[in-house]
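Please read the points below alongside the sequence and the coordinates. They are meant for a colleague who is meeting this structure for the first time.

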Amino acid sequence: MNDIDRACAAFRTLLTEQQARVAGMTAERVDYTKKATVTIGLVDGDGIGPIIMEQAVRVLEALLADEIARGSIALRRIRGLTIENRLACDQAVPDDVLDEILTCDVLLKGESANVKLRRALDLYANVRPVTIPEQGIDWTFFRENTEGEYALGSRGVELPGMAVDFKVTTDPGTRRIARAAFDYARRNGKTRVTVVTKANILKKTDGKFTALCHEVAADYPEITVDDYYIDIMAANLVNERVRGQFQVLLLPNLYGDIITDEAAQLQGGVGTAGSANIGDRYAMFEAIHGSAPRMIERGMGDYANPQSILRAEVMLLRHIGCAAAAGRLEAAL
């Protein structure tokens, strides 16, 4: 078998796996208001994770004291998602830790999640709000979280003098992230959803993403939908004359990863932004920064700003129907 035949065989395996993934997608969403007890898993993570989570748990216990006492909310500490344990088990998420995570309804995580958890829990919608009221900025980004370059990015093929990576866009994967964005816009009185791609170049994948988003938009006639290419959108976020016009932004995986960090930087840095990873069955809320190992090495962990995890906590509270508690925390922030 020559190099091209081997590459084709590898690509065939990837395509078969992706077809199986699409077939396994579910559409039935959990209604937390109908559950007798909603279990919130608390995952410290590494580095500054335990430090900022200490504050996040303190706030949760204060805001939800009555619900915890009644048993309608349960807090569950989940240990073992540390770099030491991962290395010891040679697993991105050790099996016993994942088993415990699966017993929870939602997770609060002290540092950004890895791709393994997002895939294992099928958390297809990454939601990141950025708000700068004095500049007229109130953006909510909906980033597709399970496809694009990240689905197959580590499994490309290399031939002599050539390397090829793969990007995947599926019909159900795109429709569900688009519907999540338009549902959010409708619920929150937003009038504009902006689809951001590079469809002029990536005509198959980004072209499909754009077309399917417009198909979904037809079910929301009261909402205006428009399109921007990722390069000009990156410029528009720093253009004070136009950036206040944007409301809900809908993006494939890689562009969403990049552009939300730019947006968070405008707000005050990635340490000021929270993030939600939402699926039909599970949801995970996290600080969007990493574990900040350099802060720990310098003995500066106690200076870590918990704002990002607290903003994620606001989204968690709203997601499980605790709107009053979410409002109190948001007002405090």
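This is a predicted model: local features need pLDDT of at least 70, side-chain atom pairs count only at pLDDT 80 or more; totals for chains, interfaces and linings use all residues.

In which sense do strand S1 and S3 pair, and over how many bridges?

1. Strand S1, which covers residues 38–43, pairs with S3 in the parallel sense, and four bridges hold the pairing. Within this part of the model, Gly41 is placed opposite Leu107 of S3.

2. S3 has a further pairing, with strand S12 (residues 283–287), to which S3 is joined by four bridges and with which S3 runs parallel. Here Val106 stands opposite Ala283, a residue of S12.

3. The side chain of Arg118 makes a polar contact of 3.3 Å with the side chain of Asn277.

4. Which residues does Gln247 touch, leaving aside those up to four places away in sequence? Gln247 sits in the loop that lies between helix H10 (230–236) and strand S10 (248–251), and its contacts are Asp138, Trp139, Thr140, Lys190, Thr191 and Arg192. With one of these, Thr191, there is also an approach at the level of polar atoms, as the Thr191 backbone nitrogen lies 2.7 Å from a polar atom of the Gln247 side chain. Gln247 and Glu262, by comparison, are 15 residues apart in sequence and 16 Å apart in space, taken from C-alpha to C-alpha.

5. How many disulfides does a search of the whole structure find? The search returns zero. For Cys89 the reason is distance: the closest cysteine sulfur, that of Cys104, is 18 Å away from the Cys89 sulfur, which is too far for a bond because a disulfide needs the two sulfur atoms within 2.5 Å. Cys89 is partly exposed, at a relative accessible area of 34%, and Cys8, at 48% relative accessibility, also counts as partly exposed.

Methods
Residues are numbered from 1 along each chain as its sequence is written. Side-chain values use heavy atoms; hydrogens and water are left out. Buried means under 20% relative accessible area, exposed over 50%, partly exposed in between (1.4 Å probe, protein chains only). Two strands pair if DSSP finds at least two bridges between them. Helices (H or I, at least four residues) and strands (E, at least two) are DSSP runs, numbered from the N terminus. A polar contact is a pair of N or O atoms within 3.5 Å; within protein, one must be able to donate a hydrogen and the other to accept it, and residues adjacent in sequence count only if both atoms are side-chain atoms. Contact means heavy atoms within 4.5 Å.
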